[in-house]
Amino acid sequence: MKEKNKVLFVLHLPPPVHGASVVGQNIQNSKYINSTFYSRYINLSASSKVEEVGSLSIKKLLFLISNWIHCISAIIRFKPTLCYITPTSDGWGFYRDFLLVQSIKLFDVKIVMHFHNKASKQWVERGINRWLLKHFFKNVKIILLGKELYEEKSSFISENDVFFCPNGVPSVNDKILKTNKKIDKTRFLFLSNMMESKGVLILLDACKELYRRGYDFRCDFVGGWKDVTEELFQNRIKKYNLQDKVYAHGPKYGDEKKMFFENADVFVFPTYYHGECFPLVLLEAMDYGLPCLSTVNGAIPSLIDDGLTGFTVPQNDLNALVLKMIWSIENPEKMIELGVFGKEKFESYFTLEQFEKNLTSIFQECIKS
């Protein structure tokens with residue numbers, strides 16, 4: 001029997017709950033991956049709350065030192081063939097991960113870095129950062145969530161050293177899609193943190209315009225309050241006279257969250273968040289057979305086939321968003337069809353099982369190279 005290769009996973013785990021930590025937890029819990037390799041896991045998360053992500057503190061500096069010692073100790077004792085790391089693309093988190101990666105390079109260990117975020121253009125263009133990035137990407141392989149994300153890193157690493165692997169999520173919807181359901185009033189759903197950069201206020205402005213034009217609809221906002229506070233949101237609803245059209249429900253989980261997906265007709269996510277790459281919530285919506293309306297941001301265009309499984313509009317383009325929402329209201333049968341195609345695409349490319357197989361194949365190729 002062939003001996004299994006050893007893989008050290010240095011990745012983000014909850015808390016806090018965000019895209020990278022959810023994916024990290026799925027990897028850690030994967031029977032498929034853990035039966036293929038001898039695995040060890042180290043948590044890279046220095047934050048315990050979403051609000052702390054991206055900030056620097058004494059607590060985080062102490063964690064950095066402790067985590068660095070833990071990682072190097074694991075390299076020496078476990079002697080992995082491959083080290084898998086989920087680094088941060090910019091800010092202080094990058095400098096932390098730069099030190100860790102450069103330290104690991106001192107040992108005879110192959111490195112593959114999996115990016116769940118992207119850097120701001122301004123940050124990348126700074127001279128010192130470009131110098132660091134050049135060394136950071138030397139003698140490593142990387143995994144990106146979509147080909148749209150390669151341009152940012154193309155100056156530092158050859159595409160021959162890049163793997164493209166879309167995320168996957170567990171399918172939770174085992175119901176047969178109702179392709180003949182009657183839609184009397186289109187129900188839009190937004191589900192994410194209530195952050196302005198996730199598109200909360202621009203979606204609210206779009207609802208105002210739909211109401212002004214006389215369209216009948218409902219829009220549910222589900223998510224925890226962040227820089228868009230409950231007071232700000234409710235005041236805006238009253239100002240726009242949307243009390244009978246728009247509802248905010250706060251964060252929902254489990255069966256309550258499932259209920260919102262099942263009752264919705266169209267999922268709307270007009271994000272312009274600078275670090276947006278591959279929103280898992282779009283995969284969740286596709287699993288429920290919902291057509292998705294989002295923006296050209298990160299790898300979202302590889303998620304949504306424009307006009308086939310949903311629509312993508314330019315970021316911060318209120319008029320484009322309004323027109324697609326109107327089209328959704330006026331073409332309910334077509335939107336059901338788009339949702340069906342989205343479900344088919346989800347089952348072909350974005351299930352957790354498919355992600356596990358893709359990732360395992362990448363690891364095996366990295367080890368052979």
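For axes I used lines fitted to C-alpha atoms, for helices over the stretch in contact, with angles from 0 to 180 degrees between N-to-C directions. Helices here are DSSP runs of H or I with at least four residues, strands are runs of E with at least two, and both are numbered from the N terminus.

Contact means heavy atoms within 4.5 Å. From α7, I found I202, L203, D205, A206, E209 and L210 in this contact, and from α12, L318, L321, V322, M325, I326 and I329. Sorted by class, that gives 10 nonpolar, no polar and 2 charged residues (nonpolar: Ala, Val, Leu, Ile, Met, Phe, Trp, Tyr, Cys and Pro; charged: Asp, Glu, Lys and Arg; polar: the others, Gly among them).

**A note on the model**

This is a predicted model, where local features need pLDDT of at least 70 and side-chain atom pairs pLDDT 80 or more, while totals for chains, interfaces and linings use all residues. Residues are numbered from 1 along each chain as its sequence is written, and side-chain values use heavy atoms, leaving out hydrogens and water.

**The sheet**

Next I traced an open sheet of 6 strands, in the order β2-β1-β3-β4-β5-β6 with parallel pairing (a pair needs at least two DSSP bridges). β2 (38-43) and β6 (162-164) are at the edges with a single partner strand each, so one side of each has no neighbour in the sheet. On average, neighbouring strands are turned by 20 degrees against each other, direction ignored.

I then checked β4 (residues 110-114) and β5 (residues 141-144): 3 bridges join them. V112 has K141 in β5 as its bridge partner. Helix α14 (residues 352-368) packs on the sheet and touches β1, β3, β4, β5 and β6.

**α10**

Last, I looked at helix α10 (residues 280-287), where 7 of its 8 residues are buried (under 20% relative accessible area, with exposed over 50% and partly exposed in between; 1.4 Å probe, protein chains only). Just after α10, I saw G289 with a positive phi of about 75 degrees.
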